[in-house]
Amino acid sequence: VVTDTAPAPKTLPRMQQKYRDEVVAGLREEFGYKNPMMVPRLTKIVVNMGVGEAVQNKSRMEAANKDLTTTVRQKPMIRKARVSVAGFKLREGYPVGVAVTLRGTRMWEFLDRLITLAIPRIRDFRGLKDKLDGRGSYSLGLNDQTVFPEVNADRLEFTQGMTITMTMTGGRDDVGKRLLEEFGVPFRRKDQEK
């Protein structure tokens, strides 16, 4: 009797599976890519929390570090000031923020939670601006971390905003925007803009 001792195949994160099954085929057809490797893909997501108030209050940095770790499920790096600014009482080397770079499985899982759980919880949400950076990457800002269900608003010491930057291959804004639309990023419709 022969038994199969091979480990069970790991399941891909939902967004990565969607990318492989649906997005690649749609973008190949729409933009005429001959090879599937030419299709733009998400390479990394950088989540950054600037904590300028940490100069006066050290507990702000600890709280931001804890909240970002809870949100992204990865330990962030502490960012330090590169220059001194007397007007802000800031010296070179002071901690001013925390940031984390997500790749692989954590990146796909964070993207899924961002699109399906966090963005719909934004108060008075009317869609995200569709302005990319000119090279096909997209950044969005959130006013506070409580839009993520992992962050317990009752135990929160300070509300803190964050910037989320999605870096994609392809090098063009129209392709990057289309890739994000395929993932389900809710951009503001033209008739909603002022």
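One cavity of 30 Å³ or more is present in the structure, which is a predicted model. The volume of this largest cavity is about 30 Å³. Its lining is formed by R60, A63, A64, D67, F158 and Q160. Sorted by class, the lining comprises three nonpolar residues, one polar residue and two charged residues. A63, A64 and F158 are among the lining residues, and Ala and Phe count as nonpolar. R60 and D67 also line the cavity; Arg and Asp count as charged.

Backbone geometry was examined next. Most residues other than glycine have a negative phi. R73 has a positive phi of about 65° and is not a glycine. This residue lies in the loop that links α2 (58-72) to β2 (77-80). The relative accessibility of R73 is 46%. R73 therefore counts as partly exposed, a class that lies between the 20% and 50% limits.

D124 also has a positive phi, near 55°, and is likewise a residue other than glycine. D124 is placed in the loop between α3 (104-118) and β4 (138-142). Its relative accessible area is 64%. D124 is therefore exposed, as the cut-off for that class is over 50%.

R73 is partly exposed, whereas D124 is exposed.

Terms used
Residues are numbered from 1 along each chain as its sequence is written. This is a predicted model: local features need pLDDT of at least 70, side-chain atom pairs count only at pLDDT 80 or more; totals for chains, interfaces and linings use all residues. Side-chain values use heavy atoms; hydrogens and water are left out. Helices (H or I, at least four residues) and strands (E, at least two) are DSSP runs, numbered from the N terminus. Buried means under 20% relative accessible area, exposed over 50%, partly exposed in between (1.4 Å probe, protein chains only). On a 1 Å grid over the protein atoms alone, a cavity is a set of points where a 1.4 Å probe fits but cannot get out, and a pocket is an open set with protein on both sides within 12 Å along at least five of seven lines; lining residues have an atom within 4 Å of a point. Grid points are joined across faces, edges and corners, and a volume is the space filled by probe spheres set on the points.
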